[in-house]
Amino acid sequence: MCEEALSIHGLHVRLSRDGRASTVLDGIDLRLTAGEVVALVGESGSGKSTIGLALQGLLPAESLPEINGSIRISGQEVVGAKPAALRQVRRSLIRSVPQDPMGALNPTMTIGRQMQESGIERTEALEWLERVGLPDPQRIAADLPHRLSGGQRQRVLIAMSMAAKPRVLIADEPTTALDVTVQAQILKLLADLAREQDTAILFITHDLAVASQLSDRVMVLFGGRIMELGDTQSVVDAPAHPYAAGLLSARFDLTSDRDRQLATLSAEAGSEKLEGAQCNYAARCPLATSICTQRRPDFAKRGENRLVACFNSDRVPELLSSRRETPAWPHASPGEVDALELFAIRKSFASGKRTRTEVLSGINLKIRLGECVALVGESGSGKSTLLRIAAGLVTPDEGDVSWPGGDLPQVVFQDASAALTPWLTIGEQIRDRLRPLRLPKAEQNARIAEALELVGIDPALSSALPAELSGGQCQRVTVARAVVVPPRLLLCDEPISAMDVSLAAQTLNLLGTLRRQMNMGMLFVTHDLAAARLIADRIAVLDKGNLVEIGEPDQIISAPAHTYTKSLVSAVPRIGASIKGA
Amino acid sequence: MAVYLLKRLLGLVVVLMVMSFIVFCLQSIIPADPARAMAGPSAPEETIQKLREDMGLNDPLLVQYGNFVMRLAEGDLGTSVRTRQPIAADVLRYGPASLELIIAAMLLGSLLAFAFAFLQSIVRRSDGIRVLMLGLGSVPIFLSALLLAYFLWFKLGWFPGNGRLDIRRFSGPTGFFVLDGLLLGRPDISLSALRHLALPALALSVPIAVSVGRSLNSSLIDVMRQPYIRTARGKGLSASGIFLRHGLRNAASAPLAMLGLQVGLLFGNLLIVERVFAWPGLGLYTVQSFATSDLPAVLGVALVFGAFYITVTMLVEIAQSLADPRIAL
């Protein structure tokens, strides 16, 4: 029974970027038995996706990978294997389910043919499509990928991988690009299939709650090194590494305290890669002592099935209890003045030659100054269109948009690096908003510095280009740009959906604080009900272009009136709520 | 598909109408007098007047245009002043030679483009090849044609550089000599025709190879980075299978459009190349018509080229929709 599906021993990977090589994985050891699910948890940049690629021998050639150590899949060595042997391993022993199903299928080949490339017959392909819960397999097999939804494509990709009956399946954040209501179904499907076929799953995620729902064991990764490895339940209940503890306390769900700011991991000071004889996490660690910067902690056994790389893991429990106290939100004084008035907004788009699809059918919404309304809904519910109309970027077919007080709202977009002009320094981009005020240069500079400090960015970085900043810093810069001249209304379009937990918590804290300090009205579009509940005074639920529910967050969540709202509430991942089934 | 073809055919008619109108206006505006040109410079005034009357040149413009279109509809492009033949007959006579040359140039150009793009994007990026392509792209065609003729024909004698065949007075059923040789069981004719095709086709193919090659190269680089290529690799497919089934087809659209554009715009070059290599096709015919201010012939050929361009565009669109089934015709 305890047949070994995968064994990684002393895996070191160095990758080059722009001619500079850096260590991405530094001594990874892991064994997976058949049918076991191990979650690989860490922030972006922790190297978790690199492990997945290294296992398949798919590290991009242009990054000149240097791989040391050993990876054995069902006894077959992958490191240094010949191309033909490697192809054989990929064909029959290890498969993967990608993060973004939208781009992972060939757009010009039918689903059926892509399935058959996995080495199965057509009838078998149809059986598999049915097994992963797709309606009408015949039709889907003949279809091209663009006619399927994201969830359906992910099911196709799962079917394609599992049809090969691999020993190991790598699932790299397989649900982050999907709607919340679909995520749980996909995870359950993966878990069920893996158990049936005795496939071991390496489940890559940044969310400990999702990991806890699915996995038997969890491996916490930071800066290419393992921080903690143990049974999921015990790690979640009592983390023994300060980083794991930080990840846990930074995540928020429907029970987090709404009156206080969220706990966060200490800032991104540790983003510069540390190599050599010290603890990787020392720069960010609240428990760091002098020994942490002198020696690399051994990977030591703590209790049963538990390995931790930390000198101070005895002090982690006290860290956990002290973490509970976070600052309260600043005092807000919402008035009776409106910042945004939407009246009977209708909008339709052409969906074919002659047909039009109504995206918004008669939306009424008012946001007061200093108030935050969160708009939640599935993709396709029309929430982004509504935000664009509120921003004045799209004109509605019918209805009125008004911004009492005159000035146009500011928008914070989901993809911050795309919202910044790549060849202008961030200082210049913030200055653009000050230009109409015709202030003297010195005062402009002072206000730019002030705005950057407000969002927690060193004002010295105002001469940096966007590419020199991390994704989280870029998002802060777009916020600084939006508030350097405080707008009466701030619109946020899924600003945290591409972020890992601790970064998301930091951004929520920032936006929640700023809108209270500056008394801005705020429309916060998201698909994450937990985030909506934390940031907003009211939640508005949008379903197929209709506002089906609007009210106090806790009221909506404790007693959702609409079926769609109910499914949203149940879709929020909770720690320990296993979906593995019996 | 049938609806698409019908639509395109209708479009073709509309474009031809517009072109014919422009051609007609040009004919009326340009001060060259077809009657005078036909009768000769020393003809007496009455003859010319009579000729003008016969040719309908004294009718109101609208009537003239109506007649012009009616004649066009019957396939009558007018009469050449120089050859004194119906222009339609001239087009049928010289057209196959040009078409054969264009097809050869297109095939050769596509082949070179593919080789270039494959080497650059799949095998190994080389700055040498890039500079070479850039250099080739920047040589004007009259120079490259002359250089090819000078070195490969005149100096080295590897390929003939004059006419379509070594023998004179050959005529085959189709006018495409490579094909005719095969049809008539004369492989020597085919071979000779191919050898004669080599230099002019090569000269014409250079701009095609450079532009299509660059387009294919950049789309291949882009496509091979797509996540579905990683999916395909993850399935353990062979490199050639990934390239052919998942890479090339998805990269085909932009270079196909470029190919259509280049073939459509090839006529300017055709005039030069046919002139340099004494290729008895429509290009040479046009050059000679220019020299004798044979306006009806020039304008007739312009109409034929216009129709050809539209047909090529249509073929490209069909090819694109075959490569990418998401493009519905």
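Strand β3 (residues 37–41) of chain A runs parallel to strand β9 (residues 217–222) of chain A, and four bridges join them. Helices (H or I, at least four residues) and strands (E, at least two) are DSSP runs, numbered from the N terminus. Two strands pair if DSSP finds at least two bridges between them. A:V38 stands opposite A:R217 in β9(A). The structure is a predicted model, in which local features need pLDDT of at least 70 and side-chain atom pairs count only at pLDDT 80 or more, while totals for chains, interfaces and linings use all residues. Residues are numbered from 1 along each chain as its sequence is written, and chains are lettered from A and ligands numbered from 1 in the order in which they are written.

In chain A, an open sheet of eight strands has mixed pairing and the order β6-β7-β8-β3-β9-β10-β12-β11. Its edge strands, each pairing on one side only, are β6 (94–97) and β11 (300–301) of chain A. Helix α6 (residues 150–162) of chain A packs on the sheet and touches β6 and β7 (168–172) of chain A. Its direction makes about 175° with that of β6(A). Axes are lines fitted to C-alpha atoms, for helices over the stretch in contact, and angles run from 0 to 180 degrees between N-to-C directions. Two residues are in contact if their C-beta atoms, placed from the backbone, lie within 7 Å.

## The three-stranded sheet

Another open sheet of chain A has three strands in the order β14-β13-β16, with antiparallel pairing. Here β14 (356–368) and β16 (398–402) of chain A are the edge strands, each pairing on one side only. Direction ignored, neighbouring strands of this sheet are turned by 20° against each other on average.

Four bridges link strand β13 (residues 338–350) of chain A with β16(A) in the antiparallel sense. A:F343 has A:D400 as its bridge partner in β16(A). Helix α12 (residues 383–391) of chain A packs on the sheet, touching β13, β14 and β16 of chain A, and its direction makes about 125° with that of β13(A).

## A buried strand

Strand β19 (residues 521–526) of chain A is largely enclosed by the rest of the structure, because six of its six residues are buried. A residue is buried if 20 or more other C-beta atoms lie within 10 Å of its own, exposed if 12 or fewer, and partly exposed in between. A:G521, A:L523 and A:V525 point one way from β19(A), and A:M522, A:F524 and A:T526 point the other way.

Strand β15 (residues 372–376) of chain A runs parallel to β19(A) and is joined to it by five bridges. The bridge partner of A:L375 in β19(A) is A:V525. Strand β18 (residues 489–493) of chain A also pairs with β19(A) in the parallel sense, over five bridges. A:V525 of β19(A) is the bridge partner of A:D493.

## A helix crossing

Helix α7 (residues 180–197) and helix α19 (residues 563–571), both of chain A, have axes that come within 8 Å and cross at roughly 50°. α7(A) is therefore oblique to α19(A). Angles under 35 degrees count as roughly parallel, over 145 as roughly antiparallel, 65 to 115 as roughly perpendicular and the rest as oblique. A:V180, A:T181, A:Q183 and A:A184 of α7(A) make the contact with A:S567, A:L568 and A:A571 of α19(A).

## Where the chains meet

In chain B, 18 residues are in contact with 20 residues of chain A. The elements giving two or more residues to this side of chain B are α10 (227–234) and α11 (239–251) of chain B. α10(B) provides the largest share, six residues.
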